Amino acid sequence: MTIERRPLLALRDVTQSYQLPRTSLFGPRSSFTVLDGIDFDVCAGEAVGLVGESGAGKTTLTRILTGMERPQRGQVEFDGQDLWAAGAAERTRFRRSVQMVLQNPRSSLDPRMRIGTALLEPLRSLRIEGNHTRRIHEVLDQVGLDRSALGRFPHEFSGGQLQRIAIARALMPNPRVLVADEPVSALDVSIQAQVLNLLKDLVQDLQLGLVFIAHDLSVVAYTTSRVSVIAAGRIVEVGRPVELFTRPAAPATRNLVDAVLTVESGLAGTAL
Ligand SMILES: Nc1ncnc2c1ncn2[C@@H]1O[C@H](COP(=O)(O)OP(=O)(O)OP(=O)(O)O)[C@@H](O)[C@H]1O
Ligand SMILES: [Mg+2]
């Protein structure tokens with residue numbers, strides 16, 4: 001018997017291009033294809049990775065996956081429903097259910113806002129009712145932060161603690177999918193593993209879907225069970241991290257493996 005995979009969030013044949021500025025006054029406008037026929041998905045309780053070189057299209061894919069940008073062709077499906085064909089109630093559910101963790105918590109958290117206020121903010125903007133204090137305490141427990149953090153400001157925390165706070169903020173609306181774009185590349189190597197382990201635990205404990213985006217294959221390999229390699233806007237290979245390391249098929253995958261093997265320190269050794 002085969003168990004049916006039911007993706008929670010999926011891109012189906014997504015294509016996106018940007019218009020380039022005219023090079024002459026009456027000349028035609030040319031366009032640049034950033035994503036070309038992308039299929040990508042994540043299930044509940046699963047961590048998947050997306051790796052690729054700079055400019056490959058990772059951030060554009062993230063923007064489409066989180067509903068910030070509408071694709072010119074193809075579908076974004078959440079829980080089996082087409083996001084851009086859905087009604088207002090479904091869209092609201094999507095905005096609560098798919099949350100992002102950004103690369104640099106120092107720039108994603110407002111320096112003048114106490115942590116408690118920053119954690120409440122997503123509940124306010126998404127108009128989520130309920131016992132907010134209880135929700136904050138629950139989420140602090142999930143990410144391993146003390147309640148004393150609530151009255152403090154971002155500058156009073158280390159980079160690793162701030163990324164924990166950013167993750168807490170993303171968890172506040174009780175999402176089902178987290179999309180993390182380079183969540184540890186701004187952190188010291190010594191604390192990267194702590195944040196990666198936290199994300200892994202959350203996937204298990206909360207049955208979250210995690211989409212982990214990075215340019216470093218070793219970081220993605222450590223965190224996920226399935227990785228898609230993107231190059232020039234196309235998915236060129238999908239596989240288990242260990243297979244990609246030992247038998248990379250696509251040239252882009254080989255480049256990413258070589259990049260890891262030339263790095264002496266960091267997580268490379270741990271992941272391998
Ligand atoms: N609004 C836009 N208009 C025109 N071109 C764009 C726009 N946004 C992105 N691009 C181009 O699309 C390509 C992919 O960009 P994207 O930011 O998705 O790459 P990335 O994989 O996230 O790169 P990095 O690892 O550097 O963050 C790049 O060549 C970029 O210059
Ligand atoms: Mg990017």
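Q: What makes a run of residues a helix or a strand in this predicted model?
A: Helices are DSSP runs of H or I with at least four residues, strands are runs of E with at least two, and both are numbered from the N terminus. On that basis, residues 9-257 are 39% helix and 25% strand, and the end C-alpha atoms of this span lie 28 Å apart. The model is predicted, with local features needing pLDDT of at least 70, side-chain atom pairs counting only at pLDDT 80 or more, and totals for chains, interfaces and linings using all residues. Residues are numbered from 1 along each chain as its sequence is written, chains are lettered from A and ligands numbered from 1 in the order written, and side-chain values use heavy atoms, without hydrogens and water.

Q: Where does the name for residues 9-257 come from?
A: It comes from an unreviewed UniProt entry, whose annotation "domain: ABC transporter" covers residues 9-257. UniProt positions follow the numbering used here, feature names are shortened, and annotations may be inferred rather than shown by experiment.

Q: How do you know that S7 and S8 are paired?
A: Two strands pair if DSSP finds at least two bridges between them. Strand S7 (residues 177-181) and strand S8 (residues 209-214) are joined by 5 bridges, so they count as a pair, and they run parallel. One of the contacts along them has Asp 181 with Ile 213 of S8 as its bridge partner.

Q: What makes S6 and S10 edge strands?
A: The open sheet of 6 strands has the order S6-S7-S8-S3-S9-S10, with mixed pairing. Strand S6 (98-101) and strand S10 (234-239) each pair on one side only. Neighbouring strands of this sheet are turned by 20° against each other on average, direction ignored.

Q: Which helices pack on S6 and S7, and at what angles to S6?
A: Helix H2 (residues 88-97) lies across S6 and S7, at about 30° to S6. Helix H6 (residues 159-171) also touches S6 and S7, and its direction makes about 170° with that of S6. Contact means heavy atoms within 4.5 Å; axes are lines fitted to C-alpha atoms (for helices, over the stretch in contact), with angles from 0 to 180 degrees between N-to-C directions.

Q: Why are S2 and S5 called edge strands?
A: The open sheet of 4 strands has the order S2-S1-S4-S5, with antiparallel pairing. Strand S2 (31-42) and S5 each have a single partner strand, so one side of each has no neighbour in the sheet. Inside this order, 5 bridges join strand S1 (residues 9-19) to strand S4 (residues 73-78), and Leu 11 has Val 76 of S4 as its bridge partner. Helix H1 (residues 58-65) lies across S1, S2 and S4, at about 120° to S1.

Q: What makes one space a cavity and another a pocket?
A: On a 1 Å grid over the protein atoms alone, a cavity is a set of points where a 1.4 Å probe fits but cannot get out; a pocket is an open set with protein on both sides within 12 Å along at least five of seven lines. Lining residues have an atom within 4 Å of a point. Grid points are joined across faces, edges and corners, and a volume is the space filled by probe spheres set on the points. The whole structure has 1 cavity of 30 Å³ or more; the largest cavity has a volume of about 40 Å³, and the largest pocket about 470 Å³.

Q: Which residues line the largest cavity?
A: Its lining is Phe 78, Gln 81, Asp 82, Leu 83, Ala 86, Glu 90 and Phe 94, with strand S5 (81-82) and H2 each supplying at least two residues.

Q: Which strand gives the most to the lining of the largest pocket?
A: S6 does, with 4 residues. Of the 17 lining residues, the closest to the pocket centre are Val 98, Gln 99, Met 100, Arg 169 and Ala 170.
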